[in-house]
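Please work through each task with the structure in view before reading its solution.

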Amino acid sequence: MTRNGLSPFDTGRPGPARKTDIQVTFLNSVFLLAGVVAFGMGFVRWETSAIMGTIDFVFAGLNFALLAWLNRHRDQVATIATVALILSFILFFAIYLLAPYNTVRLSLFFLLAASAFFLKGRRAGRVWLAVIVASIVAAHLLAPLRTAYSHVDILTTCIYLLALVVIFENYETFKEGQHQGEREREILRLTEERWRLAIEGSGDAIWDWDIPSDELRYSHSFAAMLGYDDNELGHVRAALLRRLVDPRDAGKAEAELEACLHGRVEQCIAEQRFRCRDGSWKWILSRGKVTLRDDQGRPLRMSGTHGDISERKQAEEALQESKNLLSTITGAARDAIILIGDAGNILFWNAAAEKLFGYPAGEIMGRNMHQIVVPERFLGAHETGFA
C-alpha cells in the first residue's frame, strides 16, 4: 500500500472511493447550476404561468437543499443521486406537459438519461431510460393531454434516446476494455520492475536489445559495474558497446550470440572481458535469450543479464597457476610423489612415481591405491600386476 492508501496496482480506474469523489463533484456542479438557472427561470415563467414559476422556485430550493445535504453527508451520495434524478424527472415531465410553447423541452430528457447512466451505472440507466420513453409516449397518446408534438416528433425522440443508450453501452464496453488493458500493462510493468529490482539486488545488471534498431538499454548497475556514468551506457548502440569487449573474447562471444539469434540454442551464455572506464578489464558473464520474433522467425528483441565474475576468474587463474607450479615442482622431483584422496583414489602421480613403480600416470590416475601391487624389489618374490 502507498501512503495515500491506494494499492500499487491502482491504474487510475475509478474505484469505489474515487468514483464517489467524481460523483460528488458532478452533483455539486449540477445542483449549483440547476438551482441558479431554475431560480432565474421562475421569474421568467411566472409571468406566463404561475404554476410553472412555482415549480421552478421549488426546484431551485430543492437543489440548494440537496447541495447542502451532499456537502454534509458525502457518504450518502448514492441516495442523493437517486433523489436528484427523481426530482429532475418530475420537473422535466411537468415542463413537457405544461409548457407546450417550449418546442425543445424534450431535449431535457436526454440530459436526464445521460445523468442516470453516469450516476447509477449501466443497469439502472437502462431502467431510467425505459421509464423516460414510456412516460413520453404515454403522455403523448393520452387524449386529455396536449404535448404539441406530432407522432413523428415523439417517435424520433424515442429513437434518439435508444441511440443514446447504444452509444453509452459501447462507450462503457470500450472503457472497460481500456481499463482492463491499462491494468494488465500496469501489472506487467510492476512485475518487470520487481524482477529488475530482484535481479539487480543479486548484483547482476539487466539489458534489453532492440535488434532492428540496434539499440541497447542497460540498467544503472551495468554502467556502475564498469565505472561509467548512467548517460554513457544507459542507452547505446550494440555496435558501440562491442568495442569495449576484449578482442581475445569477441570471437567466441559472437559465435554464441549468432547461435542464439538463429535459434540453434535457446540461451546465449558468454564470458568476456569488458574494458572499464579506467582502462582495466572486468570479466562479465552475459546471459540472454530472444524474447520476440516476427512471423518469419527473425529475432526482434533480446533481453538478458550481465554479472561481474572477475573475482571468480581471478580465483580460477590463481588456482591454475598453483597447479602449474605444483606440477612443475613435483615433475622435477627425484622422489616419487603420490597424492591420495579420502577414498584411497590416486589424485597425483609424478614422473618419479612412474619410474619407481612402473605404472604411467595416465593408467594409474583414479585407481584405488589398494589395487596396486608393489614391485618385487620392495616385497620380494611377489607377482606384479593389478589385483
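**Exercise 1.** Determine how the axes of helix H3 and H4 are arranged.

Solution. The axes of H3 (residues 77-98) and H4 come within 11 Å and cross at roughly 25°. Axes are lines fitted to C-alpha atoms, for helices over the stretch in contact, with angles from 0 to 180 degrees between N-to-C directions. H3 is therefore roughly parallel to H4, since angles under 35 degrees count as roughly parallel, over 145 as roughly antiparallel, 65 to 115 as roughly perpendicular and the rest as oblique. The crossing of H3 and H4 is right-handed, a term for a near helix turned clockwise from the far one by less than a right angle. Helices here are DSSP runs (H or I, at least four residues), as are strands (E, at least two), numbered from the N terminus.

The model is predicted: local features need pLDDT of at least 70 and side-chain atom pairs pLDDT 80 or more, whereas totals for chains, interfaces and linings use all residues. Residues are numbered from 1 along each chain as its sequence is written, and side-chain values use heavy atoms, without hydrogens and water.

**Exercise 2.** Characterise the packing of helix H2 against H3.

Solution. The axis of H2 (residues 50-72) comes within 11 Å of that of H3, and the two cross at roughly 170°. H2 and H3 are therefore roughly antiparallel to each other. Contact (heavy atoms within 4.5 Å) involves residues of H2 including Ile51, Ile55, Phe59 and Trp69, and residues of H3 including Val77, Val83, Leu87 and Leu98.

**Exercise 3.** Locate serine 115 and identify its contacts.

Solution. Serine 115 lies in helix H4 (residues 107-141). Leaving aside residues up to four places away in sequence, serine 115 touches Phe26, Leu85 and Lys120. Its C-alpha atom is separated by 9.9 Å from that of tryptophan 128, 13 residues apart along the chain.

**Exercise 4.** Which parts of the chain are linked by the pair arginine 301 and aspartate 208?

Solution. The structure holds 12 salt bridges, each a side-chain nitrogen of Lys or Arg within 4 Å of a carboxyl oxygen of Asp or Glu. In one of them, the side chains of arginine 301 and aspartate 208 meet at 2.7 Å, N to O. The pair links distant parts of the chain, 93 residues apart: arginine 301 is in strand S6 (residues 299-308) and aspartate 208 in strand S1 (residues 205-210).

**Exercise 5.** Find where aspartate 214 lies and state its phi.

Solution. Aspartate 214 lies in the loop between S1 and strand S2 (215-218). Its phi is near 65°, a positive value in a residue other than glycine. Most residues other than glycine have a negative phi.
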